[in-house]
Amino acid sequence: MASGKKSDNAGPSVGAQEALDFHAMGRPGKLEISPTKPMATQRDLSLAYSPGVAVPVLAIAEDPSRAFDYTTRGNMVAVISNGTAILGLGNLGALASKPVMEGKAVLFKRFADVDSIDLEVDTTDVDEFINCVRYLGPSFGGINLEDIKAPDCFIIEQRLRELMDIPVFHDDQHGTAIIAAAGLINALEVTGRDVKTTKLVCNGAGSAGIACIELIKAMGFAPENITLCDTKGVVYQGRTEGMNQWKSAHAVETDARSLADAMEGADVFFGLSAKGALTPTMVQSMAKNPIIFAMANPDPEITPEEVAEIRTDAIMATGRSDYPNQVNNVLGFPYIFRGALDVRATTINDEMKIAAARALADLARKDVPDDVAAAYQGNRPKFGPNYVIPVPFDPRLISAIPVAVAKAAMDTGVARRPILDLDKYANELSARRDPIASTLQRIYDRVRRQPKRIVFTEGEEEQMMRAAVSYVNQRLGTAILLGRDDVIKENARNAGVDLDKPGIEIINARLSRRNAIYADFLYERLQRQGFLFRDCQRLINNDRNHFAAAMVALGDADGMVTGVTRNYSTALEDVRRAIDAKPGHRVIGVSIALCRGRTVLVADTAVHDMPNAEQIADIAEEAAGFARRMGYEPRIAMLAYSTFGHPAGERSERIQEAVKILDKRRVDFEYDGEMAADVALNPRLMQQYPFCRLSGPANVLIMPAFHSASISTKMLQELGGCTVIGPLLVGLNKPVQIVPLNAKDSDIVNMAAIAAFTAGA
């Protein structure tokens, strides 16, 4: 079969308009350039440009290796394509490939903190392409080729590797091969097979298929035990039709002529071809405990469900995220380049690829940490048939794969800057990880395994409808839109939002059969607070927050998200009429601030205006519990304008008293105060106070009042370029999240997922 195009991050289906809106919103595209040095004063400019810039220019002219010290070259990869094989869409041209290349650059940054820029080369001539790229070497530490058709990709990569002294890596080939090889190592272990006697059939003789065969041969597979097939059948010795030098290198002496012939008695199937290429009959003819890697995207050669109907002993892997054992290239290329760049490798050789595959395989055999297990709702994945490949958001990837790659580069003599302390290097790599994105992904993965019914309260608003569609498309559960059916449907038509799909419900509060039950429930709660029954009935009929909160309180939905059309405090007041705090808990707001890769939780950012000492202590305890649920070990700083008594003041005294209260409670987390924000966050300043109880910079900041929390988080967003998620409601007995006025649909989906994540917690 024809070679199939792998996917870096195959996942839930999305609508065409949703995808276009995502790429167009705000600043078009997915990348921007941000300076890493201050540019605020005339002196800054004189250092960054003339005359100061002349100094590193002369240093580099004298010693070219100094470019790694004074420029971005050592952490910069070019993602380059001519668009001749875009995804599974074919030759659509260089310009059409730009969204994919931008996406690849984003993945480099997200997963391995590698800076990347996309370059689209508008030529299909191999020589022109090579001559264009070869002269870009001084700008980059590595070249990632992408979406180039076979056999051109083989020629281009080989010649560029010969011409350039930096790594040149065609990910369509080697990325897929490395991840598949890692899974194969473990599948052989699970089934008790020997690499030297295992019979493997690879269907698909394009770039990925050829690379897979070459890599597993380098790992010890016997060439005579590997059969390659393409659209013409088996690639056998003596065949002339549809052949080229790359296929010929893997031709075997065999009587088999068709894929069906080759599959008889095969131990392993590698599919890099097309949907339906592998039939149930072929699977039935395979050996005991067959290993089937059906990697065509978006639809595999055969689905796990189809295999399960005829074989109970098979190990399956696909390129899709909705099945176990996803062969996902994002497990490889960011970390491979990370390791190669950090030792300033001149190339990425077979030994480095094998090292990456083995490191991935080893990772899947280790006990899964809590922050990965959280995605499985208590069903901790364990090495075995359904877990032979790590999941893409395993936080240990960043400290495992680059170390293995760097070591292999040093061992084979292609490293120009050896790393002497690999353990220290691993720790430095872990510090590069983006905790916020990982946390959100863990939340999404966990909810997908236990989908929830979430009420999208303001269902007539466009962003709520879009968020509901996205929630369902991402397989997070059922989205319930509250509102008038005719208005919702009309608004959806006008906005181009398709609500006609399973998983989306529309409920009109006035027409609901549960209306009277909710009114009775609310009246029972509010009758001694001055509310008449007719008041409660009016609230249920006319106010969607009260209706939604009653739904959640009585178990008709798992959680709710609101706030698009009214301010936070009003929405919270509505919700509190139907939902209490958890027994023994205090309701607070926690915001998650991510600034240049550093994550800090801030509380209370929503509820308490001017808390007293007892309330501040409660807020600290509630924030610590939330931090742990999100995967962080809390180090809490209780902030003030003063640090440890200077300058003195009444508000600082409240913080001091809160610390004493926590002392009496004998809590099990690190805390201290009062201290100024710079002391809490800067380890150098903290060292001036050797008696400080914190073992490192704070990751949870307890604010002395709501106004200081609100001002500081908003300033971080506007002046510091920080991403702030929240405030997240913590401490309620049922999951409720309130978004800011006019929140984007993506923000609403995140809040809905967080509400679903905390359902039942």
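This briefing describes selected helices and residues of a predicted model. Local features need pLDDT of at least 70 and side-chain atom pairs count only at pLDDT 80 or more, whereas totals for chains, interfaces and linings use all residues. Residues are numbered from 1 along each chain as its sequence is written, and side-chain values use heavy atoms, with hydrogens and water left out. Helices (H or I, at least four residues) and strands (E, at least two) are DSSP runs numbered from the N terminus.

**Helix α7**
- Helix α7 comprises 12 residues, 152-163, and its end C-alpha atoms lie 16 Å apart.
- Asp152, Cys153, Phe154, Ile156, Glu157 and Leu160 of α7 are buried (under 20% relative accessible area, with exposed over 50% and partly exposed in between; 1.4 Å probe, protein chains only).
- These buried residues pack against α6 (126-134), β3 (142-145), β4 (168-170), α8 (171-191), α9 (207-218) and α10 (245-248).

**Helices α22 and α23**
- The axes of α22 (residues 515-526) and α23 (residues 533-542) come within 8 Å and cross at roughly 130°; axes are lines fitted to C-alpha atoms, for helices over the stretch in contact, and angles run from 0 to 180 degrees between N-to-C directions.
- The two helices, α22 and α23, are therefore oblique to each other (angles under 35 degrees count as roughly parallel, over 145 as roughly antiparallel, 65 to 115 as roughly perpendicular and the rest as oblique).
- On the α22 side, the contact (heavy atoms within 4.5 Å) involves Asn515, Tyr518, Ala519, Asp520, Leu522, Tyr523 and Leu526. On the α23 side, Phe533, Cys536, Gln537, Leu539, Ile540 and Asn541 take part.

**Arg577**
- Arg577 is found in the loop between α25 (568-576) and β15 (588-595).
- Leaving aside neighbours within four places in sequence, Arg577 is in contact with Leu522, Arg525, Leu526, Phe531 and His546.

- Val79 is placed in strand β1 (residues 76-81) and counts as buried at 0% relative accessibility.
- Ile748 lies in helix α31 (residues 745-758) and counts as buried at 0% relative accessibility.
- Leaving aside neighbours within four places in sequence, the contacts of Ile748 include Phe456, Met464, Val561 and Val739.

Methods. The expected span of a helix is 1.5 Å times one less than its number of residues.
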